[in-house]
Amino acid sequence: MLEIRLHGRGGQGAVTGGELLAKAAGLEGKWSQCFPKFGVERRGAPVQSYCRIADERIKIHQELYEPNAVIVLDASLMDSVDVTAGLKEGGTVLINTRLPPGDVCLLDGNCNVHTVDATTIAKEALGRPIVNTAMLGAFVKITGIVKLESLVEEVKKHFGERLGEKNADAVKACYEAVK
Amino acid sequence: MKKTIEGSIAVAEVARDCGPDVVACFPITPSTHIAETLDKMYTNGEIKSYTAVESEFSAISMLVGASAAGARAFTTTDSQGLALMHEVLFAAAGMRLPMVIVNANRSLSAPLSIWNDHQDSVSERDSGWIQLYCKNNQEAVDTVPQAFKISEDTNIPVMVCFDGFYLTHLVEQIDIPEKEVIGKYLPKRKAEYKLDPENPITMGMYALPTHYQGFRIDLHQDVLKAAENVKKEMEAWGDVSGRKYGNGLWEEYHAEDAEYLFIGMGSVMENAELAVEKMRKEGKKVGLVRIRCYRPFPSEVVEAIKGKKGALVFEKAVSMGADAPLYAEISSAMKEKGADVPLSSYVGGLGGKDITVGHIEQMFGEIEGGPVKKVWDGETGAPKIKKSLGAGEENGGA
């Protein structure tokens, strides 16, 4: 079972992001879970969402403490939120930043850091800096956890025709751009 | 059909396919996506009626009127909403009006919380409602059609309880029963008696001391008898859907040859299944008994506990100033049926305090030394978390 934690701010789509990843896994016949962790729900507050993907039905109903991977939608969160808390040894960290992975400084040195400038890509594709779908494109590239086509299909289904195409463009652009 | 869907939305889909005549909800915090989804379904013409009332008190009151007129009636709520219904819950049961509430289990104020525990519905245990607790979303969607059938066959209202957040907000793969399957299983309601201008009757009238007690004890006896309906419908639903949950009243997991048992209700029991699987691999003889039907209380469950070295009751509810409710009831049933097993009581998981697989293993370990009565604080068993700090200049570099 793979456990993924998404960090974002209220309004950035961390919850929808986890849901789309879980749905893409479901599309491929895998078993998955996604659920949010809210504090006090409001725009801009730090939020987390959890996603689990496995080959068998997932029974567990508890929070996610030791993720295999972490997706950070907003690097400014890292001042106040311990984004690599509990991360498994050699786990994957994907951060939305202009910096190359080598320039990102994490005290947890035992992880694979990847970066992508999802904000710029989302602004180009959507006209708005909502990066959840874009970040998933990058995540799928580095982990291969679901196929790009499955993700694109779920994104289009979720957002409908016009916005779906734009989000799919963001997914594909980040898929190519991630370092 | 299996789909990746949120628990709340799946439950709304099944509630729709049960063909309710009247749905009334108060769609504000605390609420789940069930009410919101039913509202959308009404807008799309998928259900006959939906009324967004001004409070949960009005929602349940509207259901009383609808059910009295012979309609199939449904609402959904949680925590404070259920508490606000309290007065009418007793009236609905006392008037023998079938209806179904799906309650997303969440804490009661104060302090204010939106998270999961069972204090809301356990507090309504004496209302005369049948209460069924689900361990996962699959069971929740499988239980809603049974709830309508049981309620309409017994003229006793039914509350389907499933855990707030842990289940309601969980997106996962759920096999949603087809409308045709539900249609075949659940016939249209045939009210034995109803409000009818052609044939007037009185419902919920005043009872003098000579009669009041008789009505209440009749209800009590009928709720007890409803255990047979709960069992029967589990069989019947199992036949059409291929899915069964124990005998409908309770479900056992590796209980038969177990030396130690974990007893509880709700989604924490799937974590307990994982703990049992893990401990069995280590050669420890542990098992589970999950209470699915809390009202009527299945005191025969004691047969599954007899002869064990120890058992513990874990519950997400507290009875202020007394023993925890489920523990007290299991304990009393054991005495009555002569089961002399050291029984432990754990209260925990209140207000969403996470109960992990590791916690459950620890609880099993603790009761080996004799019975324990405690509040589980949830901290000791939490996995150790590595500390790390933020990243480079882009974060402001402060």
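**Figure 1. Ala110(B) lies in the loop between strand E5 (100-105) and H5 of chain B.** Helices (H or I, at least four residues) and strands (E, at least two) are DSSP runs, numbered from the N terminus. The model is predicted, so that local features need pLDDT of at least 70 and side-chain atom pairs count only at pLDDT 80 or more, while totals for chains, interfaces and linings use all residues. Residues are numbered from 1 along each chain as its sequence is written, and chains are lettered from A and ligands numbered from 1 in the order in which they are written. The peptide bond between Ser109(B) and Ala110(B) is cis, with omega about 5°.

**Figure 2. Two further backbone features of chain B concern Pro296(B) and Arg96(B).** Arg295(B) and Pro296(B) are joined by a cis peptide bond with an omega of about -5°. Pro296(B) belongs to the loop that runs between strand E12 (293-295) and helix H10 (302-305) of chain B. Arg96(B), although not a glycine, has a positive phi of about 60°. This residue, Arg96(B), sits in the loop between helix H4 (79-94) and E5 of chain B. Most residues other than glycine have a negative phi, and most peptide bonds are trans.

**Figure 3. Helix H3 (residues 56-68) of chain B packs against H4(B).** The angle between these helices is about 25° and their axes are 7 Å apart; axes are lines fitted to C-alpha atoms, for helices over the stretch in contact, and angles run from 0 to 180 degrees between N-to-C directions. This angle makes H3(B) roughly parallel to H4(B) (under 35 degrees counts as roughly parallel, over 145 as roughly antiparallel, 65 to 115 as roughly perpendicular and the rest as oblique). On the H3(B) side, the contact consists of Glu56(B), Phe57(B), Ile60(B), Ser61(B) and Val64(B). H4(B) contributes Gly81(B), Leu84(B), Met85(B), Val88(B), Leu89(B), Ala91(B) and Ala92(B). Two residues are in contact if their C-beta atoms, placed from the backbone, lie within 7 Å. By class, the residues of this contact are 9 nonpolar, 2 polar and 1 charged (Ala, Val, Leu, Ile, Met, Phe, Trp, Tyr, Cys and Pro count as nonpolar, Asp, Glu, Lys and Arg as charged, and the others, Gly among them, as polar).

**Figure 4. Domain 1 (2-241) and domain 2 (250-375) divide chain B.** The domain bounds come from an automatic or database domain assignment. The C-alpha centres of the two domains of chain B lie 27 Å apart. In domain 1 of chain B, 26 residues are in contact with 22 residues of domain 2 of chain B. On the side of domain 1 that touches domain 2, the elements giving two or more residues are helix H5 (119-122), strand E6 (130-133) and helix H8 (209-241) of chain B. H8(B) gives the most to this side, with 5 residues. The residues on this side of domain 1 of chain B comprise 14 nonpolar, 8 polar and 4 charged.

**Figure 5. Helix H1 (residues 14-27) of chain A crosses helix H4 (residues 148-177) of chain A at roughly 120°.** The axes of H1(A) and H4(A) come within 8 Å, and the two helices are therefore oblique to each other. H1(A) passes H4(A) in a right-handed crossing. From H1(A), Leu20(A), Lys23(A), Ala24(A) and Leu27(A) take part in the contact. Their partners on H4(A) are Ser150(A), Leu151(A), Glu153(A), Glu154(A), Val155(A) and His158(A). The contact of H1(A) with H4(A) has 5 nonpolar, 2 polar and 3 charged residues.

**Figure 6. Helix H2 (residues 118-126) of chain A also packs with H4(A).** The angle between H2(A) and H4(A) is about 150° and their axes are 9 Å apart. This angle makes H2(A) roughly antiparallel to H4(A), and their crossing is right-handed. H2(A) supplies Ala118(A), Ile121(A), Ala122(A), Ala125(A) and Leu126(A) to the contact. From H4(A) come Lys166(A), Asn167(A), Asp169(A), Ala170(A), Ala173(A), Cys174(A) and Ala177(A). The contact of H2(A) with H4(A) divides into 9 nonpolar, 1 polar and 2 charged residues.

Terms used
A crossing is left-handed if the near helix is turned anticlockwise from the far one by less than a right angle, and right-handed if clockwise.
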